[in-house]
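Colleague: I am new to this structure. Please walk me through it, one feature at a time.

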Amino acid sequence: IRMLTLVPVDLDALMLEVTTAWVPAAYGKNIDLGLEKPEHPTPVAGDAARMRELFDNLLDKAIRYSHSGGRVTVRVTGGPRPVVSVSDDGPTIPPAERQRVFERFHRLQSGEAGIDGSGLGLAIANEIARMHGAEIALHEDADGIGNTFSVTFPAP
């Protein structure tokens, strides 16, 4: 693992920047892309460029696999262990596959949740999260449609 120089990063500002960059892609697929964040800054120790890459991978996946007319919601939650979650309306990844999606080159069988790609995006996201001492997880979305990826950062 390459070492990072961690500096204070405001998750709210970073996620506003990352989410805004994905607006054209979401608009092109008629996807409602939203950002929910606290009123106050949410500081974490991080490498902003690598964190941008992590969240770009999650938003790319969320927008790519959500159906036209669907929604993707990015949430920043403060607290002792800040969390960024990305919820989508894509095909729900089966529980048995939820840990394996973070493995290099692991891809769901075609037809299974309709996923394609190199199988590297989520492995890269996982690696960047680990480099930050963060944990990445995949859950079924709260409304039962799609998936929620969450990245939980260590306490600052």
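Modeller: Start with burial. Buried means under 20% relative accessible area, exposed means over 50%, and partly exposed lies in between (1.4 Å probe, protein chains only). Here, buried residues make up 46% of the 156 residues in the protein chain. This is a predicted model: local features need pLDDT of at least 70, side-chain atom pairs count only at pLDDT 80 or more, and totals for chains, interfaces and linings use all residues. Residues are numbered from 1 along each chain as its sequence is written, and side-chain values use heavy atoms, with hydrogens and water left out.

Colleague: How many helices and strands does the protein chain have?

Modeller: Helices (H or I, at least four residues) and strands (E, at least two) are DSSP runs, numbered from the N terminus. The protein chain has four helices and seven strands. Along the sequence they follow the pattern β-α-α-β-β-α-β-β-α-β-β.

Colleague: What share of the contacts with a separation of 6 or more joins residues 24 or more positions apart?

Modeller: Contact means heavy atoms within 4.5 Å. Of the contacts in the protein chain with a separation of 6 or more, 68% are between residues 24 or more positions apart.

Colleague: Which residues of H3 are buried?

Modeller: First, the general idea. An α-helix has 3.6 residues a turn, so residues three or four places apart point the same way. In H3, the buried residues include Met51, Leu54, Phe55, Leu58 and Tyr65. Arg50, Asn57 and Lys61 are also among them.

Colleague: What lies at the start of H3?

Modeller: Look for a polar contact there. That is a pair of N or O atoms within 3.5 Å; within protein, one must be able to donate a hydrogen and the other to accept it, and residues adjacent in sequence count only if both atoms are side-chain atoms. A side-chain oxygen of Asp47 reaches to within 3.1 Å of the backbone nitrogen of Ala49. A polar atom of the Asp47 side chain also lies 3.0 Å from the backbone nitrogen of Arg50.

Colleague: Is Asp47 buried or exposed?

Modeller: Asp47 has 19% relative accessibility, so it counts as buried. It sits in the loop between strand S3 (43–46) and H3. Leaving out residues up to four places away in sequence, Asp47 touches Leu4, Thr5, Leu6 and His132. Asp47 and Leu4 are 43 residues apart along the chain, and their C-alpha atoms are separated by 6.6 Å.

Colleague: How do H3 and H4 cross?

Modeller: Axes are lines fitted to C-alpha atoms, for helices over the stretch in contact, and angles run from 0 to 180 degrees between N-to-C directions. The axes of H3 and helix H4 (residues 121–131) come within 9 Å and cross at roughly 145°. A crossing is left-handed if the near helix is turned anticlockwise from the far one by less than a right angle, and right-handed if clockwise. H3 passes H4 in a left-handed crossing.

Colleague: Which residues meet there?

Modeller: From H3, they include Met51, Leu54 and Leu58; from H4, they include Leu122, Ala125 and Ile128. The buried residues of H4 pack against H3, strand S6 (135–140) and S7.

Colleague: Which residues does Ala125 touch?

Modeller: Ala125 touches Leu54, Asn57, Leu58 and Ile136, not counting residues up to four places away in sequence. At 0% relative accessibility, Ala125 counts as buried.

Colleague: How do I read an aromatic pair?

Modeller: A pair of aromatic rings is described by the distance of the centres and the angle of the planes. Rings of Phe, Tyr and Trp (its six-membered ring) pair if their centres lie within 6.5 Å; planes under 30 degrees apart count as stacked, over 60 as edge-to-face and the rest as tilted. A search of the whole structure finds one such pair. Phe55 and Phe153 form it, and it is tilted: 6.5 Å centre to centre, 45° between the planes.

Colleague: Which parts does the pair tie together?

Modeller: Phe55 lies in helix H3 (residues 48–65) and Phe153 in the segment after strand S7 (147–152), so the pair ties together parts that are 98 residues apart in sequence. Both Phe55 and Phe153 are buried.
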